[in-house]
Amino acid sequence: MRRKTSLVLLALAVFCAALAPLVRWYAFPRLAKIPANEYQTMVLEAKNATLLDYGTMTARTVPKVTIVQTLKGDVAASEKIEKTADRDVVVWDGLSYIQGPDGKMVSRVPERYIFDAHTQEPVHATGESVDGDPVRREGIEFKWPFLTEKRDYEYFDAQTRTSNPIHYKGTQDFRGVKVYYFEQTIPWTKVAMPKTMPVAGITPETVARTGTTRWYTTVRKFWVEPLTGAPVYGEEIHQEELRGGTLLGGRAKVTAFAGDVKMREDYVEHTVALVKHNRTLVLLMTSSVPWGCLTLGALLLALSLWLEARGRRPAGPPPARAPERETVTA
Amino acid sequence: MRALIAAATGLAVALALVLTLSAIGTPAGKTSPEPLLTTVPPHP
C-alpha cells in the first residue's frame, strides 16, 4: 500500500514540476493575447486649449477640446490575415474624433492597425493605414507588449506616419499600480492635412493650392503597467500650426491647436481597475502558477521518497524468545 | 521500473493538459456591433 502511494505521489510531483515551465513558456505566449473582438473607448480632454477658428482664421482660447478615441477589433479581417501570417493577429479599426467646445467636429482621423496578438509587433498587410493613406508601422501603438521591459521602444506616430523611439524614463507608482513611465518627443514636423476638414467646402486639396502647410509637435507621455503592457494613464502636450501660403493673410503662422491633452478622470479610474484585474491573470500565468507548481512538485517528491524509504526499511529483529529451561536430571 | 512509469505518466498528463488548453485557446468571438464614436460618451 505504502509503495503504491509513493508511486502516485511521484507521478503528481512530476506532473507539477512539468506544469511549471509549460505554463510559463508554452501556455502563456499562446493564451495571453489581445482578443480579436476587442472594443474600447477612451476620452481625453484639453482644458483651456487654443483652437483655430476657421471662419476668421484666428486662434482663440476655448474652455475644452475633447478627443474621443475608439478601437474596434475586426474579427473577420484578423482571421483572414492569420491564414497567411501564421500567428494570432488583431486588426484594430480606430477613430480619433476631436470635438470643439460647441460640440462641432474639429477633425476625425480613422486608422487601421494590424499587430501580433501577443507580442504587439506590427503585422504588415493590406489595409494598414492612417486617414486613408497606406502606412507601414515599425513600432507599437496604443499598447506595449506583455511583460514590458525597462527599455526604449519604437512607437508609431499617426500624425507624421513614422515610428520613433519612446524612451523609458523610470518606474513610478500610479494609484497603487507599479508603472513604467515612457516619453516621446516629436519635433516640429510638416504633416498632411486631415482628409476631413472642420469646414464644409474646404479640402486638403484646396488648402494645398493656397500654399499653406500644417506643422505639428508633441510630447507624448505614457504610464504603462509592465505585466499587461497596458497604459493606465496618458498625456500629450500637443501643438499644431498652419504656416505660410495665402490662407493666412500674410501671417507667417497661426496656431491650429495647442493644449495639454489628458485622460478624463472617469476613464482613468476605469482603466486602472481593468488593468489591476488583467494584471492578476498575467501574474498567475507568469509567476504564481509556475512557482506554486514547482514548490508543490518538490514537496510531493520529498514525500514520495520518504514513503519509499520507509517501505524499504528492513523489519526489526524478532522478539527474543525465552531460553528454554534445561532439564536437569538428578 | 514502476517509478519510471509513474514519472512518465505525470509528464504525459501535464503535457496533454497544457497542449489541449493552449490549442483550445480563447474563442475569437464576433466583431462588436458598437460604432466608432463621434459623440462624447458620458461614462466608460
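This is a predicted model: local features need pLDDT of at least 70, side-chain atom pairs count only at pLDDT 80 or more; totals for chains, interfaces and linings use all residues.

Visitor: How do you know what confidence the predictor has in chain B and in the model?

Guide: Chain B has a mean pLDDT of 93, on a scale from 0 to 100. In chain B, 100% of the residues reach 70 or more. For the model, ipTM is 0.91 and pTM is 0.90.

Visitor: Why is chain A called more spread out than a compact globule?

Guide: Chain A has 330 residues, for which the globule rule gives 20 Å. Its radius of gyration is 32 Å, well over that value, so chain A is more spread out than a compact globule. The C-alpha trace spans about 150 × 40 × 30 Å along its principal axes. Four helices and twelve strands make up the list of elements in chain A.

Visitor: How many residues of chain A count as buried?

Guide: The share is 35% of the 330 residues. As for contacts in chain A between residues at least 6 apart in sequence, 61% join residues at least 24 apart.

Visitor: What makes A:Ala309 exposed or buried?

Guide: A:Ala309 belongs to helix 4 of chain A. It has 10 other C-beta atoms within 10 Å. The cut-off for exposed is 12 or fewer, so A:Ala309 is exposed. Its C-alpha atom is separated by 73 Å from that of A:Gly132, 177 residues apart along the chain.

Visitor: And what makes A:Gln120 buried or exposed?

Guide: A:Gln120 has 21 other C-beta atoms within 10 Å. Buried needs 20 or more, so A:Gln120 is buried. It sits in the loop between strand 4 and strand 5 of chain A. Its phi is positive, about 75 degrees, although A:Gln120 is not a glycine. Most residues other than glycine have a negative phi.

Visitor: Why is A:Arg175 called partly exposed?

Guide: Its count is 14 other C-beta atoms within 10 Å. A:Arg175 lies in the loop between strand 8 and strand 9 of chain A. Its phi is also positive, near 50 degrees.

Visitor: Which residues touch the most other members of the largest nonpolar core?

Guide: They are A:Val224 and A:Val232, in a core of 38 residues. Strand 1 of chain A gives the largest share, seven residues. Apart from this core lies another, of 22 residues, including A:Val14 and A:Leu307.

Visitor: What makes up the side of chain A that touches chain B?

Guide: In chain A, 37 residues are in contact with 28 residues of chain B. Helix 1 of chain A gives the most, 15 residues. By type, the chain A side divides into 24 nonpolar, seven polar and six charged residues.

Technical notes. Residues are numbered from 1 along each chain as its sequence is written. Chains are lettered from A and ligands numbered from 1 in the order in which they are written. Two residues are in contact if their C-beta atoms, placed from the backbone, lie within 7 Å. Helices (H or I, at least four residues) and strands (E, at least two) are DSSP runs, numbered from the N terminus. Ala, Val, Leu, Ile, Met, Phe, Trp, Tyr, Cys and Pro count as nonpolar, Asp, Glu, Lys and Arg as charged, and the others, Gly among them, as polar. A nonpolar core is a set of buried Ala, Val, Leu, Ile, Met, Phe, Trp, Tyr and Cys residues joined through C-beta atoms within 7 Å. The radius of gyration is taken over C-alpha atoms; the globule rule is 2.2 Å times the number of residues to the power 0.38.
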